[in-house]
Amino acid sequence: MVRHDTKSWVVGSFLAASIILVPAPTVAADLANGKEVYAVRCLKCHAEDGKGSPRMVQMLQVEIPDFTSKRVQDKSDQELFQVINKGKGKMPGFQWSMDEKDREDVLAYVRTLNTR
Ligand code: HEC
């Protein structure tokens, strides 16, 4: 009797734990998705390495911030997210053209370009 109870408790907690644990990966940023979004929406200006495309710098006559630099990486997520959402100078905002998850994932990806 005691044994049986213990076993169902173990099974029960395992099920409860899986219910709690399963949604976790969707909460954390999806870097693979972030990288894909970056390639499609950001790479043409910011370049694959995040240092800014020299061609775009010339075409737009603008400085493109270096994502690998301490200057950019020291900024808060809120500050960088704000630029992604609303745009800044010659950069368009992406608030209306990308869903929030994609914008969060791409910011997480930008953080991985940090080489300081
Ligand atoms: C048309 C070219 C262009 C595209 C496309 C573009 N950006 Fe930008 N981005 C810029 C320029 C130019 C700036 C500098 C704006 C300024 O300070 O005047 C900038 C600035 C930023 C900043 C702020 C950095 C800082 O130092 O504050 C972030 C973050 C950023 N871009 C992320 C992205 C992401 C993520 C994407 C893709 C979803 C993207 N950008 C697409 C041109 C672009």
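The legends below accompany close-up views of a predicted model.

**View 1. Overall fold of the protein chain in the predicted model.** The protein chain holds 8 helices and 2 strands, and from the N terminus on these elements follow the order α-α-α-α-α-α-α-β-β-α. Of its 116 residues, 13% count as buried. Among the contacts in the protein chain with a separation of 6 or more, 51% are accounted for by residues 24 or more positions apart.

**View 2. The shell of residues around the ligand.** The ligand is surrounded by 21 residues, and the closest of them are Cys 42, Cys 45, Pro 65, Gly 89 and Met 91. Two or more residues of this shell are given by each of helix 4 (43–46), helix 7 (77–86) and helix 8 (100–112). Sorted by residue class, the shell around the ligand comprises 14 nonpolar, 2 polar and 5 charged residues.

**View 3. The packing of helix 3 against helix 8.** Two packed helices are described by the angle between their axes and the distance between the axes. Here helix 3 (residues 31–41) packs with helix 8 at an angle of about 90°, the axes being 7 Å apart, and helix 3 is therefore roughly perpendicular to helix 8. On the side of helix 3, the contact involves Leu 31, Asn 33, Gly 34, Lys 35, Val 37 and Tyr 38, which meet Asp 102, Asp 105, Val 106, Ala 108, Tyr 109 and Thr 112 in helix 8. The residues of this contact divide into 6 nonpolar, 3 polar and 3 charged.

**View 4. The largest nonpolar core.** In soluble globular proteins, nonpolar side chains tend to be buried together. The largest nonpolar core of this model has 8 residues, namely Val 37, Tyr 38, Cys 42, Phe 67, Ile 84, Val 106, Tyr 109 and Val 110. At least two residues of this core come from each of helix 3 and helix 8, with helix 8 supplying the largest share, 3 residues. When residues up to four places away in sequence are not counted, Tyr 38 touches Leu 43, Val 106 and Tyr 109.

View 5. Once the neighbours within four places in sequence are left aside, Val 57 is in contact with Gly 52, Val 62, Glu 63 and Ile 64. Val 57 and Cys 45 are 12 residues apart along the chain, and their C-alpha atoms are separated by 7.8 Å.

Methods: Residues are numbered from 1 along each chain as its sequence is written. This is a predicted model: local features need pLDDT of at least 70, side-chain atom pairs count only at pLDDT 80 or more; totals for chains, interfaces and linings use all residues. A residue is near a molecule or strand if its C-beta atom, placed from the backbone, lies within 6 Å of it. Helices (H or I, at least four residues) and strands (E, at least two) are DSSP runs, numbered from the N terminus. Ala, Val, Leu, Ile, Met, Phe, Trp, Tyr, Cys and Pro count as nonpolar, Asp, Glu, Lys and Arg as charged, and the others, Gly among them, as polar. Axes are lines fitted to C-alpha atoms, for helices over the stretch in contact, and angles run from 0 to 180 degrees between N-to-C directions. Angles under 35 degrees count as roughly parallel, over 145 as roughly antiparallel, 65 to 115 as roughly perpendicular and the rest as oblique. Two residues are in contact if their C-beta atoms, placed from the backbone, lie within 7 Å. A nonpolar core is a set of buried Ala, Val, Leu, Ile, Met, Phe, Trp, Tyr and Cys residues joined through C-beta atoms within 7 Å. A residue is buried if 20 or more other C-beta atoms lie within 10 Å of its own, exposed if 12 or fewer, and partly exposed in between; C-beta atoms are placed from the backbone.
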